[in-house]
Amino acid sequence: MSEDLNPIIRKNAIPKGLILGVVVAILNIVSYYYIVSIATSYWAIILVPMLFNIILPLVVLLFLVADLRKTIGGFWNLRQAITGIFLMLLLAMAVNYVTVNVVFAKVIEPNMVDNTRNAMVTAVTPILEKSGASQTDIDKKMDEMQKQFDSRKNAGIGPQIKSIVISIIMLFVLALVLGAIYKRERPRYATEGNDPELSI
């Protein structure tokens, strides 16, 4: 495949990455409101956000990757597939971070972490009580949860940068996997101007 396809891949990957980022951000926000407003059980708080934050975004991603390949002509090699997919993922991460972590969490819902913690405490406490845990064990578990949420709420620049770097590495690994799945080399006989019967 011609290297001239690379600019076309980047050009088409950008809007799809932005779309993916908006979709993921919306799903994250819906997941948050579900947790703090609707969820009444521990399993609901665990499983439903998994649907919104992992399964549905993955389905949308797979659709956009397939659509990207189709848009550029249906063929790209492994390197080009990884490049296009990784660009999409990076843009999606950036859009989601700005929308959820900056605008939503800082402006619209500044108590986002506290509200999530309260919802978790409300859901977990009855489970611990039904399991026969003592009040001391329950208090200990609540203290651990409090510390976890406090660390998220008061995370400094260093931990935030570390988290972003880890996320980028994970996205690259995902791009490698999807690139290997979605790569499709152009058949040699499909080269423009060649007669299939004369191609070697």
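A patch of negative charge on the surface is formed by Asp137, Asp139, Asp143 and Glu144. Patches of this kind comprise residues with over 30% relative accessible area and no salt bridge, like charges being joined within 9 Å. Asp and Glu count as negative and Lys and Arg as positive, while His and the chain ends are not counted; the place of a charge is taken as CG of Asp, CD of Glu, NZ of Lys or CZ of Arg. Accessible areas were computed by the Shrake-Rupley method with a 1.4 Å probe, and for residues only the protein chains shown count as cover.

The model is predicted, so that local features need pLDDT of at least 70 and side-chain atom pairs count only at pLDDT 80 or more, whereas totals for chains, interfaces and linings use all residues. Residues are numbered from 1 along each chain as its sequence is written, and side-chain values use heavy atoms, with hydrogens and water left out.

Aspartate 137 counts as partly exposed because its relative accessibility is 45%, where buried denotes under 20% relative accessible area, exposed over 50%, and partly exposed the range in between.

The structure holds one salt bridge, defined as a side-chain nitrogen of Lys or Arg within 4 Å of a carboxyl oxygen of Asp or Glu. The side chains involved are those of lysine 16 and aspartate 67, with an N to O distance of 2.4 Å. This pair links distant parts of the chain, lysine 16 being in helix α1 (residues 5-37) and aspartate 67 in helix α2, 51 residues apart. Lysine 16 is buried at 11% relative accessibility, whereas aspartate 67 is partly exposed at 26%.

Polar contacts were also identified, as pairs of N or O atoms within 3.5 Å; within protein, one atom must be able to donate a hydrogen and the other to accept it, and residues adjacent in sequence count only if both atoms are side-chain atoms. Glutamine 80, located in helix α3 (residues 78-108), is buried at 1% relative accessibility, and its side chain makes a polar contact of 3.2 Å with the side chain of asparagine 6. Asparagine 77 lies in the loop between α2 (42-71) and α3 and is buried, with a relative accessible area of 14%. A polar atom of the asparagine 77 side chain lies 3.2 Å from the backbone nitrogen of arginine 79.

Notes:
Patch = residues over 30% accessible without salt bridge, like charges linked within 9 Å, V, L, I, M, F, W, Y side chains within 5 Å. Buried < 20%, exposed > 50% of the residue type's maximum accessible area, 1.4 Å probe, protein only. Helix = DSSP H or I, 4+ residues; strand = E, 2+ residues; numbered from the N terminus.
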